[in-house]
Amino acid sequence: MTKRDFYLNNLYSLENRFAEDEIIKLFEDENLKKIIQPFLIDVIDLLYSNLKSGTKVDIESINIPYAEKNLDILLKGKRVYDIFYEKSENKKLSEGVCKKFLSRLFNMDGHNNEGFIIQNYYHKWLEKQFAEAVTNDSRFESEAILVDLVKKAYMLHYFYHYLLLYVPAKWINEHQKDWISVNEKPKKLLEGLRSFDNDYFDTYVDDLQNKQKTDLWEYVWHATRWSDNAMLNDKYSFKSAVLFRKNLNLWVRFWDNLHLPIIQDCAFHDKFASKDYISIIETIASEEKKLKSDIKVIALIVAKNYFEASVNITENLSIYLEPDRITEANRFFFIEGESYYKEWLIEKEKHHLSFITKLKEILSQQEIEDWIFSYRHRPNNGTNAVSERYNQEINSLVNAMEKVSDETESLNADSFNLQKFNYYIEKLKKSKSQTIADQLLEAFITFMKSDKFHWDKSFSEPFWSSVLGIGYLISISKNPMVTAKKLTHSFRVNHQGWKPTAIDYKSIAREAFIFSGVFASYDYDATFKNEEEKNSFYRKLLSDILIQDQYSQIDSSEYYQQPLLLLLWMTRKRSSLFTNEIEKDLIIGYDKLYSLLYILSFDDENICANSKKLLKTRIKNEFLIEKRKLNQKKRSSPYIERMEKMASHLKVL
């Protein structure tokens, strides 16, 4: 097993292959090959005639080689063979497999009526010999006859794999035009299209022509988003697979001829390693003048698949870090796999640097950022290893980009998002540029007011870093208090008066998110002249949120409770005295008892004695009323249980 095998295949596949290969090695016997060779020559002659002129093949007339004695000598004592020999009726392994081979090849026999593992192993070896013999016969050197052969041999399970290995590069190079040509209408290049996808494809070209490329990554995402629902048909999938393995320059030209982004994306359903994508980008850059596609578009298609391939390799290798899966039978895989995983972590960093460096020859800094910052961290509470690895993959890509990026800032509003905001906050902490800080704040405000902003009411990434980033921007602005007030007033929701804001959770989400960011500035002492000014400012903001929540036309507590929770957490880190004041304001002024309990009990910190006294009074006066409300909303059981649990945690029940 090679390193590439471990990179591109999961443990289950490798275990199966290893078991197969251990037996197939025994078939590599010269005497056995001599017995099989005349049979293969007859099959190839009949196959060629059938493909060229449609001559019908009578498989009963083909002489079946007798190899039973040789196989018995080679395999006796091997469990898979002994089981076959004990339980099979005719005991003739070679004869049965050769007959089934002929039936599959010439009669398209798809019936799986062989019940022994050793039969599968012998089939694999026989099909390997068949592929080798075919590729040594110059009659099969044209692209057309090889495509017909693949269709004819559709029922052979292993032949295709070995054919890709053995096709001579010379055949490809001598028929380049045939191999890179694509002479069918786009829809016919694909198979597996369902009725919905057919309808989508009918309008795809018109939709693509009407789509602007102002945000290039968004255009590529839109143009390729349904590619997982289709695949290249057998002919073009075979051509793609052969060309990639034999001549990358020709593969790129063939891929270019697929023309439409959704079809070009389907070409990557084959297994590619991250190193392959570096070679593809290098080839695209060197062949630019020969390509008809928009080179920026196809570069981003490659980038999209590069990231997915890197994630998949990490996942394939990460299983070898789980000792609970180790058995005596698979211990070898875990020793090798863990070693390859460590190598991969080092290689991956180098690959990211190389890939982005090559990508910069084609794409601008902004276009590269748009691609990388489109990936969002997955919520992770520290227990989900898959999410943790995915998030690390994003971080690794961002770190590589930072190492090779230029110093220009691309704060284009069309492609701005929280991931990009977080990245530039980190750069700003190094440069300390007030000009960049002002530009970044304006870009952020514009983004927040757009339809692109979304918040799931959590402080998972990228939201947590963005909240802290807002706090940092406020702290380094020329007048922090003015900046903070500007932000809160810009996103204030009018819940009352002559022109209340229409009921819209998105507006409330914006306001609550901004309040969270303003509260995050509490960590920066430079924001205020003294502690008194600081505490006064934040208590006023706290009062504003409580009023907003009281006047809200809908239950907005799930949004407004988040900045309140953050404020309490911030103050608990810095000042116990001020925390007591915040607790008091919350207990007296926050109407929502459930949310109040949630905020006060979110961590292991205890509330002060005075807060407990105030809270006990509220619990005594309101708990039964809250229960009745929840019963009316048919939400009684889980919510009441949680309320009781939170109150018990706070020791007020």
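A search of the whole structure, which is a predicted model, turns up 56 aromatic pairs. Here, rings of Phe, Tyr and Trp (its six-membered ring) pair if their centres lie within 6.5 Å, and planes under 30 degrees apart count as stacked, over 60 as edge-to-face and the rest as tilted. Take Phe6 and Tyr340: the ring centres sit 5.0 Å apart with the planes at 55°, so this pair is tilted. Phe6 belongs to helix 1 (residues 3-8) and Tyr340 to helix 19 (residues 331-359), so the pair ties together parts 334 residues apart in sequence. Helices are DSSP runs (H or I, at least four residues), numbered from the N terminus. Both Phe6 and Tyr340 are buried, meaning under 20% relative accessible area (1.4 Å probe, protein chains only).

Phe130 and Phe159 make another tilted pair, 5.0 Å centre to centre with 35° between the planes. Since Phe130 lies in helix 7 (residues 117-134) and Phe159 in helix 9 (residues 159-166), the pair ties together parts 29 residues apart in sequence. Phe130 counts as buried because its relative accessibility is 0%; for Phe159, also buried, the value is 2%.

Aromatic residues also gather in a cluster, whose members include Phe244, Trp251, Trp255 and Tyr390. Phe244 is one of the buried residues of helix 14, along with Tyr236 and Phe238, among others.

Charges turn up over rings too (NZ of Lys or CZ of Arg within 6 Å of the ring centre and within 35 degrees of the ring normal). Arg139 lies over the face of Tyr48, 4.8 Å from the ring centre, and Lys429 over that of Tyr472, at 5.5 Å.

Residues are numbered from 1 along each chain as its sequence is written, and side-chain values use heavy atoms, leaving out hydrogens and water. In this predicted model, local features need pLDDT of at least 70 and side-chain atom pairs count only at pLDDT 80 or more, while totals for chains, interfaces and linings use all residues.

How values were computed. Buried < 20%, exposed > 50% of the residue type's maximum accessible area, 1.4 Å probe, protein only. Helix = DSSP H or I, 4+ residues; strand = E, 2+ residues; numbered from the N terminus.
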